[in-house]
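Biologist: I would like to learn how to read a structure with two chains, beginning with the place where they meet. Could you take me through it step by step?

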Number of protein chains: 2
Amino acid sequence: MSILAVGSIAFDSIATPSGRVENVLGGSGTYFSLAASYFTDVRVVAVVGEDFSPEHESVFSRRGVDIRGIEHAPGKTFRWGGQYLENLNEAKTDFTELNVFERFQPRIPAAYMDSQFLFLGNIHPSLQKTVRSKMMDVRLTGGDTMNFWIKDFRPELLETLKLINILLINDGEAKMLAGERSLPRAARKVLALGPQALVIKHGEYGATIFFRDGAFGVGKHPFRAPALPIEEVKDPTGAGDSFAGGFMGYIASQESLNREVLKRALFYGGVMGSFAVERFGTERLQSLTREEIEGRFQIFRELTHLE
Amino acid sequence: MSILAVGSIAFDSIATPSGRVENVLGGSGTYFSLAASYFTDVRVVAVVGEDFSPEHESVFSRRGVDIRGIEHAPGKTFRWGGQYLENLNEAKTDFTELNVFERFQPRIPAAYMDSQFLFLGNIHPSLQKTVRSKMMDVRLTGGDTMNFWIKDFRPELLETLKLINILLINDGEAKMLAGERSLPRAARKVLALGPQALVIKHGEYGATIFFRDGAFGVGKHPFRAPALPIEEVKDPTGAGDSFAGGFMGYIASQESLNREVLKRALFYGGVMGSFAVERFGTERLQSLTREEIEGRFQIFRELTHLE
């Protein structure tokens, strides 16, 4: 089934201990779409500037991503520059030029209106809410957010959280959103704000999904998926968005929607995140095969499963 | 089969967000022995002072731990005081009074000489080496160490590492020992120093075991066990030693010694660590049942295993 992704398309300049690149295609919508495209039909809503070329466009179209929702606006595409130093889990931002993204008002093509799955990338919570309210056929909505919205747009974010079925955030964001230092307690508080499930991404330690009581079937416990212990992480940019793409893409590819599907989706999220960081930018996500993905899924199993 | 544990016995004064206690029985040898006692016969070598009472002794003997190796020396028992503030993963030490532990020279009773498993707790690496060299029947040696020895006693530690089959340390210690920020690369470097397997403990994110090529059978990948997402960690003191006790105790209880046994042992390590932190000091480890342990093992499975 089709998934609609709303997010950013950006040109990133990145420095890591493994090297540096300038103005490579990135952004949450890009990483998400490419990762999800290995599982299901993906439609993307985003905005780009005049510097977005047919070659950039072909990165999406070669993966079968429907790009009719990419709006071309006068001006330059969103640009971000950052570096990863001591800690590969955390980027130091050098610059952020919002450019056309500053006035982004998601416009949803008529052809997208029948989407059954929706992913609201990390944009203003009021825009997330507007998009969600327009999509009448959506069965499941995933969403992301970040410290900036949690801190300065809390009322708007709380409204949006009521409409999100599965929230995907990292440890620091979960603790900040809940005002709580214990991760399991933070999870319980976040689930009380609306979502039926909460995915907390722990970087190199994997991710945990917490369920609200009775949501997606029965079960008493959260579920934890590992990350791959990768000797050389070339570029962590987009790992979280690729995780979300694998997670949501797998869910959208399944007939039923239950805890077992969500658990497997958590593994596929880890799988796609692990591929993303092997090369700079989206390079690795552009040329995967389903066999490589299934092979890595098996490695994730071996990493965690007893006989 | 019997396991001999060499370590510290201490009286701890601990403050956490859940409360505070003074002079409760603790120390690496204590937590390790109690945790391991649920799986196998445990013998302990340690030193205590005149303030170590029959009631303290009975904590060990009630669990069937052989205490003939506890030396009673003139003076006071090792005392440690610390607090856990923002971050429950890290203690701030208020005071350390080594007392009788300062001149600790492990003496191994003749009745212990047939021990087939050995755990060298976090003591001076030269003492660890001396103990190991005396034990002729040992099939497998586990060991622990810490930043102090890694930094200031590196040559002695490197000698000892050649005699340790499985080293159990945390993320920070592994990175420091290897001089390497990437955990998988650090693991490879540590394994080149001697151990056939390396267990890296990640606190609330669980633990990973890395194998040297060909050690303990075939297999290409490390293995990761979760930690239990516990809403209220009362007191993290001794979690790592309890983990080691569950891990080594389970191994010593098994006939064969292969990767599958070590993987299960990693789960049992997590199980015992999760019990330890539920109450202050060793309280929870004193009164467990094997049924409770197996029940939690099942929860650890549910936390990680797909259908």
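Modeller: The area buried between chain A and chain B is about 3,600 Å², and carbon and sulfur atoms give 51% of it; buried area here is the accessible area (1.4 Å probe) that two parts lose on being put together, summed over both. On the side of chain A, the residues that lose the most area to chain B are Tyr205(A), Arg224(A) and Leu306(A), which together make up 23% of what that side buries. Please keep in mind that this is a predicted model, in which local features need pLDDT of at least 70 and side-chain atom pairs count only at pLDDT 80 or more, while totals for chains, interfaces and linings use all residues. Residues are numbered from 1 along each chain as its sequence is written, chains are lettered from A in the order in which they are written, and side-chain values use heavy atoms, with hydrogens and water left out.

Biologist: How many residues does each chain bring to the contact, and how many salt bridges are counted between the chains?

Modeller: Contact means heavy atoms within 4.5 Å, and by that rule 38 residues come from chain A and 39 residues from chain B. A salt bridge is a side-chain nitrogen of Lys or Arg within 4 Å of a carboxyl oxygen of Asp or Glu, and there are 2 salt bridges between chain A and chain B. Arg188(A) forms a salt bridge with Glu231(B), where the closest N and O atoms are 2.6 Å apart. Helices (H or I, at least four residues) and strands (E, at least two) are DSSP runs, numbered from the N terminus, and of these α11(A) gives the most to the side of chain A that touches chain B, with 6 residues.

Biologist: How should I read a pair of aromatic rings?

Modeller: A pair of aromatic rings is described by the distance of the centres and the angle of the planes. Rings of Phe, Tyr and Trp (its six-membered ring) pair if their centres lie within 6.5 Å, and planes under 30 degrees apart count as stacked, over 60 as edge-to-face and the rest as tilted. Over all chains the count comes to 31 aromatic pairs. The rings of Phe52(A) and Phe60(A) have centres 6.4 Å apart and planes at 50°, so this pair is tilted. Phe78(B) and Phe101(B), by contrast, form a stacked pair, with 5.1 Å centre to centre and 5° between the planes. Phe78(B) lies in strand β6 of chain B and Phe101(B) in the loop between β7 and β8 of chain B, so the pair ties together parts that are 23 residues apart in sequence.

Biologist: Is Phe78(B) buried or exposed?

Modeller: Buried means under 20% relative accessible area, exposed over 50%, and partly exposed in between (1.4 Å probe, protein chains only). Phe78(B), at 12% relative accessibility, counts as buried, and Phe101(B) counts as buried at 14%. In helix α1 of chain B, 9 of the 9 residues are buried, so this helix is largely enclosed by the rest of the structure; Tyr31(B) and Phe32(B) are among them.

Biologist: What should I notice about the phi of Asn99(A)?

Modeller: Most residues other than glycine have a negative phi. Asn99(A), however, has a positive phi near 50°, and this residue lies in the loop between β7 and β8 of chain A. Asn99(A) counts as partly exposed, at 28% relative accessibility. In chain B, Asn99(B) has a positive phi of about 50° although it is not a glycine.
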